[in-house]
Amino acid sequence: MSDLYSADQQAEGNAVYFGQRAGRGAVSVCAQRPSGNLLQQFYNIADTFSMEGRERNGVLSSLSVQPVYTMTGRQQQEKQQQIDQTTTAVLTSMPAGLDAYGQVKYVYDYVIDHTDYVLDSPDNQNICSVFLNGESVCQGYAKATQYLLKKLGFEVTLVFGTDQTGADHVWNLVKVDGDYYYMDTTWGEMQFSDQGESKGINYNFLLITTEELLQTHRIVSEIPVPVCTAERDNYYVREKLLFQEKDYDRLKLLIEQAKAKGETIVRFRCGSEQLYREMLDELFEQQKIFTLVNGDAITYSSDDKMHTIFVFMQ
């Protein structure tokens, strides 16, 4: 991301990228102070790698980084052709005329709809897992998201950290219309049923702020990352699903519109915790929801951290 990295960091990234594209066994980066960005550049193009440094007069003068490749050059070319065919078809199928938000949402939807989270899936640290196998873990999700967004011209990178349990996790930072946002396609699949089956897409992690991200994620980065404060292209803002006050006529209209489209999920977000608590109580404890769905059977779920409510219609 051109304005996220310094000139020296961009030079390191270029050395990594072009060295890898040229098929070199190792890539050397000469610098007295190689930046933390170097590790991230290698994570972008290799599953694993080893590093060897050299000192001169007690000062680190260069690093030689050896990617560990999991396939031969011929196999890599064959895989790349298959990936090219898949991603070209994906982007060709994108509706014409989408703005930047619409393009990012399209990628978010595609990666989630076409990928199952499988811990022991093959190639799950790279994009082959998503585009060729349709199953992956967080690193595969994030790399596939990055790959498609880069093809669309977005500035996007991987962000490393942990989830709320302390487990290692990876997601994306993307620049949309001049502002930075976080997005996490791994967490975009809704699994609220007792059997763990998917019940649609969770948009809580599409273009969110740093404050929102830190409710469930922890950033672990050796390089500074921007503080994301913009909300203009957040999903709930753009789709007019953010409630700043109780408006049950508006919610009933959303339910009727969803039914007319054959949709089974109505999702919305409350602008404050107080509003969220009040609407949860009135809709489900006092059962006001049944006056809005004309007595139809429903189930619901809610997210206390993101103040979102999901109504699932039978």
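Modeller: Start with D84, which sits in helix 3 (residues 73-92). Keep in mind that this is a predicted model.

Biologist: Why is D84 called partly exposed?

Modeller: Its relative accessibility is 30%. Buried means under 20% and exposed means over 50%, so a value in between is partly exposed. D84 therefore gets that label.

Biologist: How far apart are D84 and F131 in sequence and in space?

Modeller: In sequence, 47 residues separate them. In space, D84 and F131 are 9.3 Å apart, C-alpha to C-alpha.

Biologist: Now the rings. How many aromatic pairs does the structure hold?

Modeller: Eight. One of them joins W187 and F205.

Biologist: What makes the W187 and F205 pair edge-to-face?

Modeller: Two values are needed, because a pair of aromatic rings is described by the distance of the centres and the angle of the planes. Here the centres lie 5.2 Å apart and the planes stand at 90°. Centres within 6.5 Å make a pair, and an angle over 60 degrees makes it edge-to-face.

Biologist: Why is the pair of F243 and F268 called tilted?

Modeller: The centres are 5.0 Å apart, with 50° between the planes. Stacked needs under 30 degrees and edge-to-face needs over 60; the rest count as tilted. The pair of F243 and F268 is therefore tilted.

Biologist: Where do F243 and F268 lie?

Modeller: F243 is in strand 11 and F268 in strand 12 (residues 265-270). They are 25 residues apart, and the pair links distant parts of the chain.

Biologist: What sits over the ring of F243?

Modeller: The charged end of R250, 4.0 Å from the ring centre. The distance limit is 6 Å.

Biologist: What is the strand order in the open sheet of four strands?

Modeller: The order is 11-12-14-13, with mixed pairing. Strand 11 and strand 12 pair in the parallel sense.

Biologist: How do you know that strand 11 and strand 12 pair?

Modeller: They share two bridges. L242 stands opposite R269 in strand 12.

Biologist: Which helix lies across strand 11, strand 12 and strand 14 (308-313)?

Modeller: Helix 9 (residues 248-260). It runs at about 150° to strand 12.

Biologist: Last, the loops. What is the phi of K240?

Modeller: It is near 55°, a positive value in a residue other than glycine. K240 lies in the loop between helix 8 (235-238) and strand 11 (242-243). K240 is exposed because its 62% relative accessibility is over 50%.

Biologist: And why is Q287 called partly exposed?

Modeller: Its relative accessible area is 47%. That lies between the 20% and 50% limits, so partly exposed is the label. Q287 has a positive phi of about 65°, although it is not a glycine. Its loop runs between helix 10 (273-285) and helix 11 (289-292).

Note on methods:
Residues are numbered from 1 along each chain as its sequence is written. This is a predicted model: local features need pLDDT of at least 70, side-chain atom pairs count only at pLDDT 80 or more; totals for chains, interfaces and linings use all residues. Side-chain values use heavy atoms; hydrogens and water are left out. Buried means under 20% relative accessible area, exposed over 50%, partly exposed in between (1.4 Å probe, protein chains only). Rings of Phe, Tyr and Trp (its six-membered ring) pair if their centres lie within 6.5 Å; planes under 30 degrees apart count as stacked, over 60 as edge-to-face and the rest as tilted. A charge sits over a ring if NZ of Lys or CZ of Arg is within 6 Å of the ring centre and within 35 degrees of the ring normal. Two strands pair if DSSP finds at least two bridges between them. Contact means heavy atoms within 4.5 Å. Axes are lines fitted to C-alpha atoms, for helices over the stretch in contact, and angles run from 0 to 180 degrees between N-to-C directions.
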